[in-house]
Amino acid sequence: MDAANPLRVAFARNHPAELAAFLAAQSSTAVVEALNGLPADVGAGVIARLPHVVASRLLADQSDDVVSSWLARAAVDDALTLVLHLAPERRERVLATLPIRHMRRTLERLVVYPRRTVGALVDPGVVRITATTTLHDAIAMLRAGEYGELEWIWIVDGDSRYVGLLDVSKALLTQADNVPVGELAVTLDALRAETTLAAARDAPEWLKHPELPVVDHQQHLLGALSRERLVAALASDHPPKQGMIDGVGALTQAYFRVMGACLGGLLGGRERN
C-alpha cells in the first residue's frame, strides 16, 4: 500500500465513525482507495464501523493474511467486530493465522458460543448504522446498497455497541433529514449471546418485535435473531414423537365418541318426551 497523507491518517484515527459513514455510500473501489496507506490499526478501526454489508464485502475480497494483519494490530473491540463481519465459515481459519496467541484466544472465546445458545444461532448479516449518522446519509446508504426492502435497521455507537432500532417507514416521515438516527432509535432489550435458546423463547420483548438484537457481554451488536428462526431451532431439538401423536389422536377420538353418545342419548330422551 502507498503511504497515506498524514492529515488523512489523523482524521481516520480520530474520526473513524464519520469516515465510515461517508464511505458506506461510496463504491467498493472508493472504500479500498480510502483505506490504502492507512496504518493497519487505523484501517481496522474504520472497517469495524462500516455497515455489515459493506464491511463483509470488503473483507471477502481480502486474503486471510491481510485480514489477519488487521486483526493483529487492531484494538480488541475493533478486532472482534471485524471477525463478526467475516463469513462464519471463514472465522476459525482466519483466527488460526493470528500471530499473537493471546489475541487469538481472546477472539475465539468471544465469538465461539455453545451450540444451543443465542450466539450460535445469531444472524450477523443484519444492516447496522452508527447513531451519529444523519437520516439523510442513512437513506443515501440504503439506496446505494443492495439491501432490498428493509423495514428496520439496527443502530450502534462508534464502538459497535447496540443502541436501538430504526423503523425505516417511520423515519421516512421525519421532517428534518439532518437529525442523527440515534435520536430516532426505538429501544428493545437485547438478548445476550450466552442465553440458552429455551430461555430466549420466554423473552417478553417478542411481544414488541419479531426480531431481537443479540449482544455480547460488552453490548457489542453481534446481529439479530428472529422469532421464526428461534422457534424452528427449538422444534428441531424436540420433534414430536409419533407414539405421543398417536396417543393424543386416540384420546381425542375417544373423547368425541363419548360426547357423541352423550348428546345422542340426551336428544333421544327429549324426543321420547
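Colleague: What percentage of the 273 residues in the chain do buried residues make up?

Modeller: Buried means under 20% relative accessible area, exposed over 50%, partly exposed in between (1.4 Å probe, protein chains only). Here buried residues make up 43% of the 273. Bear in mind that this is a predicted model, where local features need pLDDT of at least 70, side-chain atom pairs count only at pLDDT 80 or more, and totals for chains, interfaces and linings use all residues. Residues are numbered from 1 along each chain as its sequence is written, and side-chain values use heavy atoms, leaving out hydrogens and water.

Colleague: Which residues of helix H8 are buried?

Modeller: First, the general idea: an α-helix has 3.6 residues a turn, so residues three or four places apart point the same way. Helices are DSSP runs (H or I, at least four residues), numbered from the N terminus. In H8, residues 88-96, the buried ones are Arg 90, Arg 91, Val 94 and Leu 95. Seen down the axis, they fall within an arc of 130° (directions from the helix axis to the C-beta atoms), so they line one face of H8. Glu 89, Glu 92 and Ala 96 are exposed on the other side of H8.

Colleague: What covers the buried residues of H8?

Modeller: The cover includes H5 (52-60), H6 (64-73), H7 (76-85) and H9 (101-111).

Colleague: How do the axes of H7 and H9 cross?

Modeller: Axes are lines fitted to C-alpha atoms over the stretch in contact, with angles from 0 to 180 degrees between N-to-C directions. Those of H7 and H9 come within 10 Å and cross at roughly 55°. That makes H7 oblique to H9 (under 35 degrees is roughly parallel, over 145 roughly antiparallel, 65 to 115 roughly perpendicular, the rest oblique). Contact means heavy atoms within 4.5 Å; among the residues making it are Leu 80 of H7 and Leu 107 of H9.

Definitions and conventions: Helix = DSSP H or I, 4+ residues; strand = E, 2+ residues; numbered from the N terminus.
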